Amino acid sequence: MGPEGTGRTVLDLRDAVKTYTTGSGLTVRALVGVDLTVREGAYLAITGPSGSGKSTLMHVLGCLDALTTGSYRLDGVEVGAMDEYGLAAARNRLIGFVFQQFHLLPGLSAVRNVELPLAYAGVGRADRRARAVAALERVGLGDRTDHRPGELSGGQQQRVAVARALVTEPALLLADEPTGNLDSASTEDVLDLFDELHAAGRTIVVITHEQDVAARAQDRLHLRDGRFTPPPVIAGATGVAR
Ligand code: ADP
């Protein structure tokens, strides 16, 4: 058990292999036997050059793409054994996604954007609204609930996206280049928010090619040619193991 939390394992990848077959029949090995354990309360950055497998790993961790071989357990459940319904439920309830492009719906106010995952989960209107407002307050945007994305700064839009990711109380906050579209002040804003969420016990995995973003995380792992280099060592005290 580490000081960061209960030591509960949020995700566990074992010998994860992902290969693609191109149109011309060539086999590309995007992940080559990756092992990764992330414990509750960890704040991990995964870095790597272009082509190293970051997007592939993000898609696997996000239950958006299946492994070719190996095991991925999310919140104790083997993802490879889930059907489409189970995968959709896992994405909705267990993972909060934050993307480089925010992916907010421009025609909806901030609070309605944040409500969306709850609507998909079948939460009733009044409860949904109250939870979305609370999530926006949590990210410091309690006074911007009725603004549309176009009326917010980039940093504020990403804060709305973080509120949307957190509103379902997911086991994992999974961020893909979350500051890639932000200026330095907004980047700082979002990284400060991640620090706060980490301090509050959230489990965060950030995939980024930006070293200054990775530097803010508690742990860093580097992908190269589809594997971690060097392989992660047991670091139970910090929340990432093997
Ligand atoms: P990164 O996100 O670090 O740039 P990717 O995960 O996108 O890396 O890619 C890892 C490797 O897998 C690269 O060699 C890439 O060309 C290859 N790859 C990614 N997606 C596909 C695909 N759909 N079909 C074939 N090869 C792919």
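This is a predicted model: local features need pLDDT of at least 70, side-chain atom pairs count only at pLDDT 80 or more; totals for chains, interfaces and linings use all residues.
Reader: Let's start with the ligand. Which residues surround the ligand?

Author: Its shell consists of Tyr20, Thr22, Val28, Ala30, Pro49, Ser50, Gly51, Ser52, Gly53, Lys54, Ser55 and Thr56. By class, that shell has 4 nonpolar, 7 polar and 1 charged residues.

Reader: How much of the ligand does the protein bury?

Author: The protein buries 62% of the 560 Å² that the ligand exposes when taken alone. The largest share, 3 residues, comes from α1.

Reader: Now β2 itself. How do you know that β1 and β2 count as paired?

Author: Pairing requires at least two bridges. Strand β1 (residues 9–21) and β2 are joined over 10 bridges in the antiparallel sense, so they count as a pair. One of these bridges has Thr9 facing its partner Arg39 in β2. The two strands form a hairpin with 5 residues between them, and Gly25 in the turn has a positive phi of about 90 degrees.

Reader: What makes β1 and β4 a pair?

Author: The same test applies, with at least two bridges needed. β1 and strand β4 (residues 69–74) run antiparallel and are joined by 5 bridges, so they pair as well. Leu13 has Tyr72 as its bridge partner in β4.

Reader: On to the rings. How many aromatic pairs does the structure hold?

Author: It holds 2 aromatic pairs.

Reader: Why is the pair of Tyr43 and Phe194 called edge-to-face?

Author: Ring centres must lie within 6.5 Å, and planes over 60 degrees apart count as edge-to-face. For Tyr43 and Phe194 the centres are 6.4 Å apart and the planes stand at 85 degrees, so the label is edge-to-face. The pair links distant parts of the chain, with Tyr43 in strand β3 (residues 43–47) and Phe194 in helix α6 (residues 184–199), 151 residues apart. Tyr43 and Phe194 are both buried.

Reader: Why is Phe97 called buried, and why is Phe99 called partly exposed?

Author: Buried means under 20% relative accessible area, and exposed means over 50%. Phe97 has 13%, so it counts as buried. Phe99 has 23%, so it falls in between and is partly exposed.

Reader: Where do the edges of the open sheet lie?

Author: That sheet has 6 strands in the order β6-β7-β8-β3-β9-β10, with mixed pairing. Its edge strands are β6 (95–99) and β10 (227–228), because each pairs on one side only. Although at an edge, β6 is mostly covered, with 4 of its 5 residues buried. β6 and strand β7 (residues 172–176) pair in the parallel sense over 5 bridges, and Phe97 stands opposite Leu174 in β7. Elsewhere in the sheet, β3 pairs with strand β8 (residues 204–207) in the parallel sense over 4 bridges, and Ile46 stands opposite Ile207 in β8.

Reader: What is the phi of Phe102, and what is that of His103?

Author: Phe102 has a positive phi of about 70 degrees although it is not a glycine. His103, also a residue other than glycine, has a positive phi near 55 degrees. Phe102 sits in the loop between β6 and α3 (110–120), and His103 is found in that loop as well.

Reader: Are those two residues buried, partly exposed or exposed, and why?

Author: Phe102 has a relative accessible area of 9%, which is under 20%, so it is buried. His103 has 46%, which lies between 20% and 50%, so it is partly exposed.

Technical notes
Residues are numbered from 1 along each chain as its sequence is written. Side-chain values use heavy atoms; hydrogens and water are left out. A residue is near a molecule or strand if one of its heavy atoms lies within 4 Å of it. Accessible areas come from the Shrake-Rupley method with a 1.4 Å probe; for residues, only the protein chains shown count as cover. Ala, Val, Leu, Ile, Met, Phe, Trp, Tyr, Cys and Pro count as nonpolar, Asp, Glu, Lys and Arg as charged, and the others, Gly among them, as polar. Rings of Phe, Tyr and Trp (its six-membered ring) pair if their centres lie within 6.5 Å; planes under 30 degrees apart count as stacked, over 60 as edge-to-face and the rest as tilted. Buried means under 20% relative accessible area, exposed over 50%, partly exposed in between (1.4 Å probe, protein chains only).
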